[in-house]
Amino acid sequence: MCDDAQICFAEVVAGSAAWLGRGLSCVCAQRRESDARPSFDLTPSEEECLQRLQNRIDIAYDSSIPEHQEALRALWNAVFPEEELHGLISEQWKEMGWQGKDPSTDFRGGGFISLENLLFFARHFPKSFKDLLWKQEGDRSAWEYPFAVAGVNITFMLIQMLDLEAVKPRTMVGAIFLKFLSENESAFDILYCIAFKLMDRQWLAMRASYMDFNTVMKATRCQLEREFLLEDITRLEELPSYSLLTL
């Protein structure tokens with residue numbers, strides 16, 4: 001048993017770059033994909049949208065870039081509008097669930113897009129964001145997941161699930177997502193919000209503690225894949241788990 005819950009969780013979640021991507025594959029959708037043998041050729045619009053998203057994914061967080069600094073400050077201001085931030089390196093960041101006083105050390109797995117995802121969530125679904133941050137719903141574990149670090153892991157999980165670093169999608173789920181993306185350029189950010197809320201719902205349903213985080217993430221990914229493959233889903237807002245979000 002670990003003496004320090006935060007250190008234990010750091011070994012499980014994205015504080016360690018070696019953890020990212022470990023054991024996140026899911027077989028939930030494979031049979032339907034193999035039976036259908038779909039074509040994954042992209043339209044010019046889908047190719048363009050995928051390239052723009054891939055460009056975002058390729059940007060590493062760099063604390064020396066003013067735009068990145070401002071995005072981090074904007075996240076703080078969105079969450080704590082009445083509390084002055086003493087610096088980009090500050091013990092205050094632990095209040096948001098970063099592992100240390102310098103959030104940049106937690107971005108190495110998810111890149112700048114993981115910060116953009118958190119900021120989008122805080123701005124567009126502020127009630128859901130704060131409910132998760134302050135763990136305001138359900139019967140919570142004595143050892144909860146750190147909010148911000150979990151968010152970085154969710155970004156990475158979605159990149160894997162959607163196979164976004166490939167030239168073209170190699171799964172039905174990835175192909176369906178690109179149709180959503182071609183109609184709404186914020187589709188990845190919206191899906192991130194859905195996934196975060198769904199992850200917390202799975203966490204509560206499984207009565208999970210910090211050592212169960214990988215299992216919860218796998219269950220979250222499987223549920224998302226199932227929902228993507230439901231019939232008559234034409235946009236993200238029609239996914240059943242979208243209803244978990246509140247503004």
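Is Cys 49 buried or exposed? Select Cys 49 to begin: with a relative accessibility of 7%, Cys 49 counts as buried, because buried means under 20% relative accessible area, while exposed means over 50% and partly exposed lies in between, all worked out with a 1.4 Å probe and protein chains only. Before going further, please note that this is a predicted model, in which local features need pLDDT of at least 70 and side-chain atom pairs count only at pLDDT 80 or more, whereas totals for chains, interfaces and linings use all residues. Residues are numbered from 1 along each chain as its sequence is written, and side-chain values use heavy atoms, with hydrogens and water left out.

Next, select Cys 193, which is also buried, at a relative accessible area of 0%. A disulfide is a covalent bond between the sulfur atoms of two cysteines. Here a disulfide is taken to be a pair of cysteine sulfur atoms within 2.5 Å, and by this rule the count is zero.

**The whole chain**

Now show the protein as a cartoon, where the secondary structure comes to 10 helices and zero strands; helices (H or I, at least four residues) and strands (E, at least two) are DSSP runs, numbered from the N terminus. Of the 247 residues in the protein, 54% are buried.

**Aromatic rings**

A pair of aromatic rings is described by the distance of the centres and the angle of the planes. Rings of Phe, Tyr and Trp (its six-membered ring) pair if their centres lie within 6.5 Å, and planes under 30 degrees apart count as stacked, over 60 as edge-to-face and the rest as tilted. The structure holds 18 such aromatic pairs.

Select Tyr 61 and Phe 107 together: their ring centres are 4.7 Å apart and their planes stand at 35°, so this pair is tilted. The pair links distant parts of the chain, 46 residues apart, with Tyr 61 in the loop between helix H3 (44–57) and helix H4 (66–79) and Phe 107 in the loop between H4 and helix H5 (112–124). Tyr 61 is buried, with a relative accessible area of 13%, and Phe 107 is buried as well, at 1%.

Move on to Phe 121 and Phe 129, an aromatic pair that is edge-to-face, with 5.4 Å from centre to centre and 85° between the planes.

**Far in sequence**

Which residue is 68 residues from Phe 121 in sequence and 7.5 Å from it in space, C-alpha to C-alpha? Select Phe 121 in helix H5, which counts as buried at 0% relative accessibility, and then Asp 189, the residue at that separation.

Select Leu 53 in helix H3, a buried residue with a relative accessible area of 4%. Leu 53 and Leu 164 are 111 residues apart in sequence, while their C-alpha atoms are 8.1 Å apart in space.

The C-alpha atoms of Ser 186 and Phe 120 are separated by 9.2 Å, although the two lie 66 residues apart along the chain.

**Two positive phi angles**

Select Arg 207, in the loop between helix H9 (187–205) and helix H10 (213–228). Arg 207 has a positive phi of about 50° although it is not a glycine, and Arg 207 is exposed, with a relative accessible area of 69%. Asp 232, in the segment after H10, also has a positive phi without being glycine, near 65°, and at 71% relative accessibility Asp 232 counts as exposed.
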